[in-house]
Amino acid sequence: MLNIAVFASGKGSNFRAIQTAILNGSIRKAKIVLVISNNSDAGALVAAREFDVSAVHLSRKQFATDDEFNAALIRTLETHGVNFIVLAGYMKKIDSSLIQRFKNRMLNIHPALLPAFGGSGMYGMHVHEAVIAQKAYITGATVHLVDEEYDHGAIVLQRTIAVMPDDTPQTLAAKVQRIEHDLYPEAIRLFADGQIKIDGQHVTVLNTP
Ligand code: GRF
C-alpha cells in the first residue's frame, strides 16, 4: 500500500485528480495520508480539508535553521506513516537527505516533455512561453523520479499534445494540465500495482504486476 504525502504550493488540481482516482477505484493500492504546503493560502490545503485529508502548512520560515525545518518535515511524514511522496506544483527545493530517504519513491510532474524545457527557472507559465518561442510542434507532460537536480530524475511516463499555431501560453497551460490529470494518477497506479521496475536511470513499465 502506498501511503502518499502530496507536496503542493499552488491550487492543487493534481492533488484533486489523484484523490479522485483513488476514491473512484482507479487506483486501489494507495491512499493520500497527508498534504503539505509551504504556502498557507494554497488551494491544495483547502482541497485536502474538503477531502478530509490531513493538511499541514510547513515552511522554512517557521524555523531557525534548515536542519530544524527538515527534521520537522521528516517527523510529520513519519507521524502520518508516509512511504511515498508526490510533488505536485511544489515550489521549494527538497533537501537531499529527504530525496535520499525516498529514493525511487518520490515523483514530480513537469508541464513539458523533459529533458526539453526543464531545469532551473522552467516552471509555471515560463515553460509554455518557451515552448511557443521555440516554435515546438509538440509539448506535453512528464512524470519523473526526483533526484538532486531539477527536472532530471528518470522519466516514468510522458504524454504529448500538439502545439497549434493559435496556441498561447495560457491555452497550452490549460491543455497540458488536462493531460496531467490523467497522467499523474496513471503513474501512481503503476507504482501502487508494482508495475514499475527501476534500474538507475532506466524505468520499465511491466505489463503484469
Ligand atoms: C502543474 O502544472 C505541474 O506540472 C507543475 O505545477 C503545476 C501544479 O498545478 N509542476 P496544481 O497546483 O496541481 O493545479
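Buried means under 20% relative accessible area, exposed means over 50%, and partly exposed lies in between, using a 1.4 Å probe and protein chains only. Keep that in mind as you explore this predicted model, where local features need pLDDT of at least 70, side-chain atom pairs count only at pLDDT 80 or more, and totals for chains, interfaces and linings use all residues. Residues are numbered from 1 along each chain as its sequence is written, and side-chain values use heavy atoms, with hydrogens and water left out.

**Stop one.** Select aspartate 167 and lysine 175. They form a salt bridge (a side-chain nitrogen of Lys or Arg within 4 Å of a carboxyl oxygen of Asp or Glu), with their closest N and O atoms 2.8 Å apart. Lysine 175 is partly exposed at 25% relative accessibility, whereas aspartate 167 is buried at 9%. A search of the whole structure finds seven salt bridges.

**Stop two.** Now pick arginine 16 and glutamate 50, whose side chains meet in a salt bridge (3.1 Å, N to O). Arginine 16 lies in helix α1 (residues 13–23) and glutamate 50 in helix α2 (residues 43–50), so the pair ties together parts that are 34 residues apart in sequence. Helices here are DSSP runs (H or I, at least four residues), and strands are too (E, at least two), numbered from the N terminus.

**Stop three.** Finally, select Glu186, Arg189 and Asp193, which are linked in a network of salt bridges. Between glutamate 186 and arginine 189, the closest N and O atoms are 3.2 Å apart. These two sit three residues apart in helix α6 (residues 169–192), so about one helical turn separates them.
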